[in-house]
Amino acid sequence: MMPALKAAEFEAATAEFIHVNTISLQLNSTRPRLGELKPGSAQGVKKIHTPKLSAISYLPDKRHLYAGIDTGELRLWDFSVGARKQAWLLIGSHKGSITSVLAVSASSRVNAAAGLVLSGSADASIKVWDVKLRVQETHVCVQTLVGHTGTVTSLVHRGACILSSSTDCTVRIWKAIEGRGMLTYPWFEPQAVLIKMSGWVTCMNYAASARVGDFGTLYAADAAAAIVKINPCIGDGPNVWKETSQIQWKLTGTIKDPKLSTLLAFSRVHDRTVSHIRYLPEEGLIATLAFDNTLRIFNAIQATLRCTVVNDTGGPFTGMEHDPVRSQLLVIDKNHLHVWDLARDHFVARKRISQHPLLAIFKSSGKGEIGVVSACAVDIWRVEQDLNYRIVPGGHTGPVIALHAVNGALAESEAQDYRVLSIGQDDSLRMWDPFDMTCLRVLKESRSELTALSFFAAGNTPITGHDDGSIRLWNLETGSTVDLVHHTNSVTCLVMAQVSDLDQLLFSAGFDGCVCVWDVRIGASTTPHLMHHWHAHPGSEILTIMHDPMKNVIITAGNDNVMKVWNARLYEQLGKHTGHIAPVTCLALDGNFLISGSEDCTVRLWDTVPASRDGSMRPAAPFQGSTLLKTLRGHKAPLRGMVVLPEAGHVASASSDGWLLLWDYSQGAVLHKFHHAEEFSCLACRHDVNEIIVGTMQNSILRFPIDDAGDEDPDSSTVP
C-alpha cells in the first residue's frame, strides 16, 4: 500500500483555473415554512428560516440546474437565459428536506426516465417530476415511490430501472413496467432490495464502459465505510434480483468482512463515513471521498487500494467530477478546487476559489468548464492545461508583493544558495526550495504590513521593509527579528550593495523620499545601525532603487518620473535621467545600459556615464547622462518588475496586464511573450535554472521557462 499523501504534496501545477462567470442564486423563499408565524401575529415574530441547498443535479444540454432545498422544495435555475442573478422556478415539494436529485437527459432514449427529474427526500419518498408541464404554480408529479423507511440518500438510473439508497441501510431497485410505450409517462414498481448493509447507505454510483457485453457495475458505500459491488450480468446462479430471463444482478465482491455477511468490494480503509463514490470503468478505478478527510483511489480489477490522499486544509473533500479526456479528477473541499492526475497519482493544480463553503461540482456546458456550487452562487471555471508556465503550489493567501532569488554562497559554506524568497499581503515571508519550489519555511509578521524584500547572503538574513517605515532583519533559526527604524513612511525598496572590498551595505528608500544606508552585520562587536541618510526626492515617493557595481553608484526613481544617480560612498548626486511621463516603477542594469520601466507602460533604454574618470570614489565632472537610446512599447498597463537575464543579456519585463515580455533590447524586438489571466505584481530571475518567477495580485507565484514562447502577442514597437 502506498503511504498517505497530503494534498499539498504535488508538483508545480501544469493546470490553471480561469474564472468565467458567477451566477447568484436567489434562495430566499417568499413562502414561509410550515409552522412559521407571520410578522405581527399574536404570538410574536418567529425568525424566518434561510433556505439552504441540500442536493443538486445539472443537465448540460439544457443548462438547467435542479436543486433540492432543505425546506423540501425542488427548484429549477435556467442558466441558458444568461442572467447573473437567477430567479428560480418551483417544481414541487416534499414534506421533508430534499436529499438527492437526479435529472435524466431527454436524449437518453434507452432510459425509461428520459426527460424526467427524480427527487429523494428525508420523508423517505421518491418523486418523479415532468418539468415540461406545469399545473398552476408547480410542475406535475408523475409518481411517488414509497418503500424506504429512511432518508433517500442517492439515486441512479439504468435503462428501465431506478436504484435508490437510504438510511434504512438498503439499496432498492424500481423498474418501469412494460407495455406503456404509447403512454406519456412510465410507471415504476418496486422490484427488490438489492442489499441490506450494516450502516446507512450514503452514496452510490453506476457506470458502464464502452466494451461490448459490459452491463455496468453499481458500487454503494455506507456510513461504516463498507463498499459493495453489484453487477447485472448474463448467467445463472445465486443473485439478488433477476431483471430479465437472461440478466441477473449479483453481488460480486471478494473481500470477507466480519461485520457484514456479504462480500465487500474492498477492505474497509476509511475511518469514517464515505460521502462520495465514483466508478471510472475506462480507467478501471474507484474514487471515494470520506469524512476522514481523504481521497482514496482503488484498483477496481484487483480490488486493492492504490493510493490515499489526506486533505491538508483540515476538512473533508466535498465533491468530485471526472475528466475522462485528461484522465483526471476535479475535487473540491470547503474552499479549494484541486486537479488530481490519475495516471501519475498526484495533484497537478490547486486553487482557493471561494470564501464560502463549496457544496457540489458538476460539468458545465462549455468546453473544459465546470460549475462549483456554494450556498449562494454557482461559479463557472475553465480548467486550462498544457500551460507554458507552472504554478507554485501551497503559496500565499494574499497578493504577492515581492520576490527575491538568491545567487551566491552561504557564509562559511561552499554550497551555492539558490533559494527563493517571497512576501505577501497575507503577512508572511516564505522561503522556497530551489529544487522543486516547495515551501521550506513560513515566517509570520504581526506588527506591520510587508512592503519590500531583500537578502543579506553573508549573514543568511532575509530583510523586509514595512508600511510603518521599519526594516526587519530575520533570524531564520529562531524566527526573531532586529528592527531598524528611521523612515517616516512605507519602505518600498531595498538593495544590498558591495560599495567596497570590505563593506556591504543596505540601501533603503520609501514614500518619505529618503534614502537610508545601513550596516546590517550582526556580530560580537557589531550591531545593525544607520550610517547615513539623505532626502533624495523631496516631495516625492521613491518606488525603486538599484546599485550599479561597475560604477559604484546608487540609482533611485519614483513618482516624480525622474531617475537620479548618486555616488555610493559620498552620497552626492551625479546626475539624473528624465523622459518618462509617469512614475518609474522598476530598474535593471546591463553593463553601461540602464533599463527603466514605468506606469507610462514603456521600457526605456539609457546610456550611462561612469561616475568617475580615474577609478577613484571622487565624483566626475557635471553628469553628462540622460541619453535616451530606445523606447520599447509593448505593454498596455504599468510595469511592475524587470530583470536582465545574465546568460543572454535579454530583458524580461512584467506588467499588471498579465503580460511577461522577453526583449532583445539592442534590436528593440520582443523575443518571447507569455500571458496569464492574473495581474502581475513582481518578478525575479532564478540563477540556477532558465526560469523567471512572477508574483500576482491574485496570490499566485508562476514559473516561466524562458526558452518557451507564449501563445499571444501584444502589439510592440520601438521608438528611437
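Student: Which elements have the lowest and the highest mean pLDDT?

Tutor: Strand S64 (residues 717–719) is the lowest, with a mean of 54, and strand S49 (residues 542–548) is the highest, with 97. Over residues 31–45 the pLDDT is below 50, and that stretch has 18 contacts in the model beyond near neighbours in sequence. Residues 611–623 also stay under 50, with 27 contacts beyond four places in sequence. Where pLDDT is low, the predicted coordinates should not be read in detail.

Student: Okay, on to strands. In what sense do S43 and S44 pair?

Tutor: Antiparallel: S43 (residues 470–474) and S44 (residues 481–485) pair over 5 bridges. To find your way along them, look for Leu 473, which stands opposite Val 482 in S44. The two strands form a hairpin with 6 residues between them, and Gly 479 in the turn has a positive phi of about 80°.

Student: Now the inside. Which residues touch the most other members of the largest nonpolar core?

Tutor: The general idea is that in soluble globular proteins, nonpolar side chains tend to be buried together. In this chain the largest nonpolar core has 21 residues, and those touching the most other members are Leu 163, Val 171, Ile 173, Leu 194, Met 204, Leu 218 and Trp 249. Strands that give two or more residues to this core include S13 (161–166), S14 (170–176) and S15 (188–196).

Student: What does Ile 173 touch?

Tutor: Leaving out residues up to four places away in sequence, its contacts include Leu 163, Ala 192, Leu 194, Trp 241 and Trp 249.

Student: And rings? How many aromatic pairs are there?

Tutor: A pair of aromatic rings is described by the distance of the centres and the angle of the planes. The count here comes to 13 pairs. One of them is Tyr 58 with Phe 79, a tilted pair at 6.1 Å centre to centre with 35° between the planes. Tyr 58 lies in strand S3 and Phe 79 in the loop between S5 and S6, so the pair ties together parts that are 21 residues apart in sequence.

Student: Is Phe 79 buried or exposed?

Tutor: Buried, because its relative accessibility is 2%. Tyr 58 counts as buried too, at 10%.

Student: What else should I look at around rings?

Tutor: Find the cluster in which ring pairs link Tyr 219, Phe 266, Tyr 279 and Phe 298. Then look at Arg 75, which lies over the face of Trp 88, at 3.7 Å from the ring centre.

Conventions
Residues numbered from 1 in each chain as written. Predicted model: local features only at pLDDT ≥ 70, side-chain atom pairs only at ≥ 80, totals over all residues. Heavy atoms only, no water. Pairing = 2+ DSSP bridges. Helix = DSSP H or I, 4+ residues; strand = E, 2+ residues; numbered from the N terminus. Core = buried A, V, L, I, M, F, W, Y, C linked by side-chain atoms within 4.5 Å. Buried < 20%, exposed > 50% of the residue type's maximum accessible area, 1.4 Å probe, protein only. Contact = heavy atoms within 4.5 Å. Phe/Tyr/Trp six-rings, centres within 6.5 Å; stacked < 30°, edge-to-face > 60°. Lys NZ or Arg CZ within 6 Å of the ring centre and 35° of its normal. pLDDT = per-residue confidence, 0-100.
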